[in-house]
Amino acid sequence: MRALSIQSADAFILVYDVTDANSFCELKLLRDQIHETKATSSVPIVVVGNKTDLLIEDSDRRE
């Protein structure tokens, strides 16, 4: 199912949780899968760090 979605997309937004380093590591695997499925590395990809509910005093939780 994921491969079909990747094949039909023209661009990608990959979102990760800034408080979870593993979610960022997963992006590399997903990016590699996108490149492999599209058979090119010339694919528009935007990476976004998200955690809007992270308060300023909790900023030390970022990984």
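Q: Which residue's side chain meets that of Lys28 in a salt bridge?
A: The model is predicted: local features need pLDDT of at least 70, side-chain atom pairs count only at pLDDT 80 or more, and totals for chains, interfaces and linings use all residues. Residues are numbered from 1 along each chain as its sequence is written, and side-chain values use heavy atoms, with hydrogens and water left out. A salt bridge is a side-chain nitrogen of Lys or Arg within 4 Å of a carboxyl oxygen of Asp or Glu. At 3.1 Å, N to O, the partner of Lys28 is Asp32.

Q: In which element do Lys28 and Asp32 both lie?
A: Helices (H or I, at least four residues) and strands (E, at least two) are DSSP runs, numbered from the N terminus. Lys28 and Asp32 are four residues apart, about one turn of the helix, and both lie in helix H2.

Q: Which residues do salt bridges that share partners join into one network?
A: The count comes to two salt bridges. Besides the pair with Lys28, the side chains of Arg31 and Asp32 meet at 3.1 Å, N to O. The network formed through shared partners consists of Lys28, Arg31 and Asp32.

Q: What is the relative accessible area of Lys28?
A: Buried means under 20% relative accessible area, exposed over 50%, and partly exposed in between (1.4 Å probe, protein chains only). Asp32 is partly exposed at 29%, and Arg31 is partly exposed at 34%. Lys28 is partly exposed too, because its relative accessible area is 48%.

Q: What pattern does the protein follow along the sequence?
A: The protein has two helices and two strands. Read along the sequence, these give α-β-α-β.

Q: Is Thr19 buried or exposed?
A: Thr19 sits in the loop between S1 and H2. Its side chain makes a polar contact with the side chain of Asp17 at 2.7 Å; such a contact is a pair of N or O atoms within 3.5 Å, one able to donate a hydrogen and the other to accept it, and residues adjacent in sequence count only if both atoms are side-chain atoms. Because its relative accessible area is 13%, Thr19 is buried.

Q: How far apart in space are Tyr16 and Glu26, C-alpha to C-alpha?
A: Tyr16 is in strand S1. Tyr16 and Glu26 are 10 residues apart in sequence, and their C-alpha to C-alpha distance is 8.5 Å.

Q: What is the relative accessible area of Ala39?
A: Ala39 lies in the loop between H2 and S2. Its phi is near 60°, a positive value in a residue other than glycine. Most residues other than glycine have a negative phi. Ala39 is exposed, because its relative accessible area is 68%.
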